[in-house]
Amino acid sequence: MAKVKNNKLKARLPRGFTDRSAADIRATDEMLSKIRTVFERYGFDPVETPAFEYTDCLGKFLPDTDRPNAGVFSVQDDDEQWMSLRYDLTAPLARHVAENINEIQLPYRTYRAGYVYRNEKPGPGRFRQFMQFDADTVGAAGVQADAEICMMAADTMEALGIARGAYVIRVNNRKVLDGVMEAIGLGGEENAERRLTVLRAIDKLDKFGPEGVRLLLGDGRWDGGEEGKGDFTRGARLDDEQVDTVMKFTAGVTHGLPTSKGGSDRDLGDMKTWSIDGEEYFTDNRTTCLTLLHSVRDNPLAKEGLNELLQIASLAESAGYGSRRILIDPSVVRGLEYYTGPVYEAELLFDVTNEKGEVVQFGSVGGGGRYDGLVKRFTGRDVPATGFSIGVSRLATALKNLGKLGTDDVVPPVLVTVMDGDTEALGRYQKMAQALRDHRSDDYPNGIRAEMYQGNWKKFGNQLKYADRRGCPLAIIQGSDEREAGEIQIKDLIEGKRLSGEITDNVTWRESRPAQVTVKEAELVERVKAMLAEQAEDRAKAGN
RNA sequence: GCAGACGUAGCUCAGUUGGUUAGAGCGUCGGAUUGUGGCUCCGAAGGUCGGUGGUUCGAAUCCACCCGUCUGUACCA
């Protein structure tokens, strides 16, 4: 015999992709359903687009070639047209709206969940296929649409079980940073590259802190945090004055008012508060906007952006959403490409520890903004739009580590064991399983999960072993003895497992048949129900 | 992409200065036990030492390249 094993195909999962377990799928379904409930309540309707789009519709060709951008998975169709897997849900939505613009009633409020694909370096908690859940309002130009999206984002966080104060929706406006960069002389086409560098630097505030960002705005920064360590990242090469201006706008510039002064005509119930020297302050979005407005009064673009932010803050506050939930924060950058106005980011404020017990920097679990130009690319017509996207896979990881995500509470099926393999006997066993499945009651609106053993029935021990490993709560046993007496045995596998600790002798263990009751065959369903109820009660007790 | 660390059985890891047939624990499978899970005992299977090439009488060990994993960083629509 030649070595067949040399020809064995190696089973391997593509890197950056993952198989999902039953527990994962159930937990994610639960999350999706909670998110969907909020979106539906706000009057959004679902629409779905496919995973593939023509690459030009995604706008992702490399600038200097006719090949798609390296970051997207692409294939060529029969006719050599490039197609790509979608890398977000926004660009495909713009395509859908443009293509159906005559049928769609604007403003169009819509949501969708789906996998998106990015050809990037994967890492722990970072995949090349992951799920997003989007909501967009297309055809609404006013900032009230943006304010609404932020409020809905906050509601969604809470619907998922994240307490108020444990998350925040940060809001900025692309026009503000663009205006500031214009004001320090970085306007114009020739500075586009430097503007990107500045935005990227600001985006790293939470990673490197103000000092690191200063380096990136200036000459540059070493990977390792100090000279000579790792690679060198080239900076934006701003001078000190320019750096100061940018930092003044971004690093820690949310402003507060003493509660005693600002509180007279304001509802402080949802404001973020803190104390210094015995005096209580609250974070005031309006003061943040007004202070910044004061310092940019020469720049029309920044002024416009800040006025929009001021409106968003006021609208949110009128609806009861204060700075604890929706925070004006001029350091928010978000993607660099298609956003044109307000941008938002949902951030978790609690520590997330991974399975190794390490605290991980979690960053944002969702974000979005206004993209007024995206549909216009197709239609030539102004179709302003704003939307928000939740990183479902990331958020699921965070919730799981927080213990907020359903540890699998689905009870495995009752196992009907097989003692005789002839057709008639198998029919009897199948009928028992069916009786459990067909049962309907308030506790079991969809029946009781049950299965007949489908493996080699001749080794009875293996059947119980299977049931044990599968976590089955009960096993139904009927051999010829029980059959003749019109009885069945129901074995409580959970209780039996507990008793096994007290029995060391195998003969006793086998003959005592712990936690096993003999009942009339006709009582099958009722007794199973009763025993499952007892187990549920025990679980509830242990859980508390 | 760049820099560094690592890669031995399904899993966790030993493996001496380069030296015969590469080991252990756990897990898996079979048996003790043909109608009862766990425990115990006995037995077995499982490895191209990440891959390819090179140095050598001889390579898991040394060298080169590649692949993969991890860490940092870049990019992230």
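Trainee: How much space lies in the largest cavity?

Mentor: This is a predicted model, in which local features need pLDDT of at least 70 and side-chain atom pairs count only at pLDDT 80 or more, whereas totals for chains, interfaces and linings use all residues. Residues are numbered from 1 along each chain as its sequence is written, chains are lettered from A and ligands numbered from 1 in the order in which they are written, and side-chain values use heavy atoms, with hydrogens and water left out. On a 1 Å grid over the protein atoms alone, a cavity is a set of points where a 1.4 Å probe fits but cannot get out, and its volume is the space filled by probe spheres set on the points, which are joined across faces, edges and corners. For the largest cavity this space is about 40 Å³.

Trainee: Which elements give two or more residues to the lining of the second largest cavity?

Mentor: This cavity has a volume of about 30 Å³, and its lining has 7 nonpolar, 1 polar and no charged residues. Leu177, Val180, Met181, Val198, Ile202, Val246, Phe249 and Thr250 form that lining. Elements are DSSP runs numbered from the N terminus, helices (H or I) having at least four residues and strands (E) at least two. Those asked for are helix 5 (174-186), helix 6 (192-203) and helix 8 (240-250).

Trainee: Which element gives the largest share of the lining of the second largest pocket?

Mentor: A pocket is an open set of points with protein on both sides within 12 Å along at least five of seven lines. This one holds about 710 Å³, and among its 22 lining residues Phe460, Leu464, Lys491, Arg510 and Gln516 lie nearest its centre. The largest share, 5 residues, comes from helix 15.

Trainee: How many residues apart in sequence are the parts tied together by Phe39 and Phe133?

Mentor: Rings of Phe, Tyr and Trp (its six-membered ring) pair if their centres lie within 6.5 Å, planes under 30 degrees apart counting as stacked, over 60 as edge-to-face and the rest as tilted. Phe39 and Phe133 are edge-to-face, at 5.2 Å and 90 degrees. Phe39 lies in helix 1 and Phe133 in strand 6, so the separation in sequence is 94 residues.

Terms used:
1 Å grid on protein atoms, 1.4 Å probe; cavity = no way out; pocket = protein on both sides within 12 Å on 5 of 7 lines; lining within 4 Å. Nonpolar A, V, L, I, M, F, W, Y, C, P; charged D, E, K, R; others polar.
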